[in-house]
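Reader: I have a model open and would like to learn how to read its features. Could you walk me through a few?

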Amino acid sequence: MENYTIIIFILAIVIGLSAFADKAKLPYPILLVIVGVAIGFIPSMSEIEINPEIIFLIFLPPLLYDASFNISPKHLRTNLSTISTLAIPLVFLTTFWIAVVSHYMIPGMTWPLSFVLGAILSATDAVAAVNITKGLGIPEKTITILEGESLINDASALVAYRFAVATAMGSAFIIWKATLQFVLLLGGGFLVGFIMGKILAFILTKVRKNTNVTLSFMLLMPFFTYLVAEHLHVSGVIAVVFLGLAIARFSKKIFPESLRNNSKNLWDVIIFILNGLIFILIGLNFRYILKDIDDDMILPYIGYAVIITIVALLTRMVRVFFQKINLQKAFQKNDRKRRKISEHSLLDSKNSFIISWSGMRGIVSLAIALGLPKFLEDGTPFPQRNAIVFISVAVVLLTIVGQGLTLPWIVKKLGVQEEK
């Protein structure tokens with residue numbers, strides 16, 4: 001009953017703060033995170049333990065499905081090169097550079113543990129970026145790149161994390177096996193998503209005249225698809241993404257406008273509540289993670305988190321601007337009659353900077369940090385676990401609040417809203 005009361009209380013705060021944020025013209029994710037931290041320090045506030053598996057099952061499928069369902073297919077195809085670059089190579093680059101800095105900066109952080117920390121913080125959260133930039137007039141192309149990146153980079157980060165944790169627990173890392181498993185995870189996820197999309201499309205053709213049944217199937221299928229993919233040990237993230245892309249295309253052909261509107265209204269409410277819960281839970285958990293850290297180590301760990309945030313930001317910025325240069329070179333080398341690189345896929349300096357600055361960490365980083373094993377296989381405590389979890393959560397907070405508060409100002413200064 002106590003947990004039920006707390007959840008109702010949090011939902012009321014989410015709705016109230018979101019309304020206040022609109023009137024005050026503040027990005028509501030930042031406001032929710034800050035208020036979540038403040039509420040967490042109320043002495044009478046009970047601890048809400050976040051189960052990472054529940055987060056992946058309850059939050060991830062609907063958010064991924066909604067983003068993939070609503071993403072612009074035209075912009076997705078046009079910017080596929082940039083999206084894939086940010087979603088795969090950049091994730092592994094970020095893991096590497098955070099690992100290098102952590103190993104030489106943090107006492108007791110071995111190479112395997114450093115790569116665990118790097119993998120946790122390697123994926124960005126476009127939910128935060130898109131919600132913070134909403135209404136700023138950023139071009140749809142830029143939003144599509146941010147959303148498209150987040151649809152795939154979670155899978156890359158989870159693969160990097162699994163191998164890093166396995167290595168930290170004593171398993172040998174073999175690069176060709178890791179590469180093969182990555183390909184199988186992505187390929188298997190695509191296959192599951194494709195098959196489930198076909199199944200759902202078949203069902204919807206039979207029940208489309210019953211609005212409630214149709215919407216219920218569309219609501220349940222992302223969760224079911226994710227569970228099937230994870231049960232088969234392939235990427236549930238990729239499976240849900242391809243399910244959303246397939247059903248979006250199918251619905252435009254077969255659904256009447258009234259049904260599409262009903263579906264959109266339902267998903268808008270669900271996504272609004274889930275987004276709000278995500279950001280306030282990130283803030284709420286800071287107090288309980290803080291209690292596991294010695295008082296004299298809090299400031300050093302916060303300092304490490306600041307440096308890691310800067311390293312991640314610089315890594316992203318360098319990779320984005322390299323992509324901008326590479327696209328320009330490829331475009332200039334194209335045969336005019338057989339262009340492979342479209343002019344619309346080119347990046348300018350302003351939008352490249354916006355994409356770079358939008359690399360905030362979020363719920364996936366929080367979930368996999370909290371999901372870090374507490375013990376090794378021999379029963380000994382997982383080394384540096386408290387430090388890794390604390391630094392990870394601190395980086396999440398720093399990126400959402402720090403980059404999030406400055407992002408609207410940067411967008412305004414750069415004047416990207418004029419480039420629609």
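Reader: Where is glutamine 384 found?

Author: Helices here are DSSP runs of H or I with at least four residues, strands are runs of E with at least two, and both are numbered from the N terminus. Glutamine 384 is found in the loop between α18 (363-370) and α19 (385-414). This is a predicted model, where local features need pLDDT of at least 70, side-chain atom pairs count only at pLDDT 80 or more, and totals for chains, interfaces and linings use all residues. Residues are numbered from 1 along each chain as its sequence is written, and side-chain values use heavy atoms, leaving out hydrogens and water.

Reader: What is the phi of glutamine 384?

Author: Its phi is positive, about 60°, although glutamine 384 is not a glycine. Histidine 233 also belongs on this topic: its phi is near 65°, a positive value in a residue other than glycine. You will find histidine 233 in the loop between α12 (211-231) and α13 (236-254).

Reader: Is histidine 233 buried or exposed?

Author: Buried means under 20% relative accessible area, exposed over 50%, and partly exposed in between, with a 1.4 Å probe and protein chains only. Histidine 233 has 66%, so it is exposed. Glutamine 384 has 24%, so it is partly exposed.

Reader: Now the pockets, please. What volume does the largest pocket have?

Author: On a 1 Å grid over the protein atoms alone, a pocket is an open set of points where a 1.4 Å probe fits, with protein on both sides within 12 Å along at least five of seven lines; lining residues have an atom within 4 Å of a point. Points are joined across faces, edges and corners, and a volume is the space filled by probe spheres set on them. The largest pocket has a volume of about 1,200 Å³. It is lined by 45 residues, with Val127, Val130, Asn131, Lys134 and Glu147 the closest to its centre. The largest share of that lining, 7 residues, comes from α10, which spans 140-168.

Reader: Which residues lie nearest the centre of the second largest pocket?

Author: Those are Leu76, Val241, Phe242, Leu245 and Ala246, out of 29 lining residues. The second largest pocket holds about 850 Å³ of space, and α13 gives the most to its lining, with 10 residues. Helices α10 and α11 are among those that each supply at least two residues to this lining.

Reader: Where is isoleucine 175 found?

Author: Look in helix α11 (residues 175-207) for isoleucine 175. With a relative accessible area of 62%, isoleucine 175 is exposed.
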